[in-house]
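Work through the following exercises with the structure in view, and try each task before you read its solution.

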Amino acid sequence: MRCKFAYTIRRHNTVQHALQDQLREAGLNVDRATVHELRSSPSDRSQKQADLLVRGLPGGTAETLIDVGVRHSLIGIHINLNKPEKSRGANANDYARRKDRRYKRLLESAALPYDYSSFVVETYGAWGNSAISFRDRVCNPETHPRGVADHNAWNNPDPKRSFTLAIAFAIQRGNIRMIQRAAARRASNRRSGLYSSGLRAAG
């Protein structure tokens, strides 16, 4: 459902950066995750890593690893034409379940002292259930520093609405940046007499 030459990491990173900003707005200590969190011993040279490491997450019992995902909303429909229409966020939920299984296996097998949460959204704006639950934990008015006086019409949007809008705008910015990068690649290749894939044009 997408060109294999698409620059999807830019879209992912745009959402990740927006999420990191919102976590800091909530007063949480958040850093970029590294390969060290998922290594089982000093001799382990694994390069696997999550996206963010959060401390102080409401309802958490330890430092929490967050892995961000952006799933295309139309993945799978070309092979499921005879099945009922998928519910909103179904692709995000499927991707999140796969991430959850992988991280659970990694953390349990190495007895690593971290909680884990997936944060998966779709390219057309739908959120997975785990992303919604995560937002609600972060934006709990009992713990969020801006969780009071949300009834005041002169205030900025309440934390949950602000969080939702920030991620929604990030998804769209990420989509645009991905398209811009693809267009620039295509134009550069055509100027060099190549197809967008990098193969040389006939003749």
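**Exercise 1.** Find which residue of strand S2 is the bridge partner of Asn 29, and then follow the pairing of strands across the sheet.

*Solution.* In S2, the residue bridged to Asn 29 is Arg 55, where helices (H or I, at least four residues) and strands (E, at least two) are DSSP runs, numbered from the N terminus. The model is a predicted one, in which local features need pLDDT of at least 70 and side-chain atom pairs count only at pLDDT 80 or more, while totals for chains, interfaces and linings use all residues. Residues are numbered from 1 along each chain as its sequence is written, and side-chain values use heavy atoms, with hydrogens and water left out.

Step one: strand S1 (residues 29–32) and strand S2 (residues 52–55) run antiparallel and are joined by four bridges; two strands pair if DSSP finds at least two bridges between them. Arg 32 stands opposite Leu 52 in S2.

Step two: Leu 52 also has a bridge partner in S3, namely Ile 66, and S2 pairs with strand S3 (residues 63–71) in the antiparallel sense over three bridges.

Step three: Ile 66 in turn stands opposite Ser 117 in S4, and S3 and S4 run parallel, joined by nine bridges.

Step four: put together, the strands form an open sheet of four in the order S1-S2-S3-S4, with mixed pairing. The edge strands are S1 and S4, each of which pairs on one side only.

**Exercise 2.** Decide whether S4 is mostly covered or mostly open, and whether Ala 111 is buried or exposed.

*Solution.* Eight of the nine residues of S4 are buried, and the strand is thus mostly covered; buried means under 20% relative accessible area, exposed over 50%, and partly exposed in between (1.4 Å probe, protein chains only). Ala 111 lies in the loop between helix H2 (90–109) and strand S4 (114–122), and with a relative accessible area of 66% this residue is exposed. Although Ala 111 is not a glycine, its phi is positive, at about 55 degrees.

**Exercise 3.** Describe how helices H3 and H4 pack, starting from the angle and the distance between their axes.

*Solution.* Helix H3 (residues 129–138) and helix H4 (residues 159–191) pack at an angle of about 140 degrees, with their axes 9 Å apart; axes are lines fitted to C-alpha atoms, for helices over the stretch in contact, and angles run from 0 to 180 degrees between N-to-C directions. That makes H3 oblique to H4, since angles under 35 degrees count as roughly parallel, over 145 as roughly antiparallel, 65 to 115 as roughly perpendicular and the rest as oblique.
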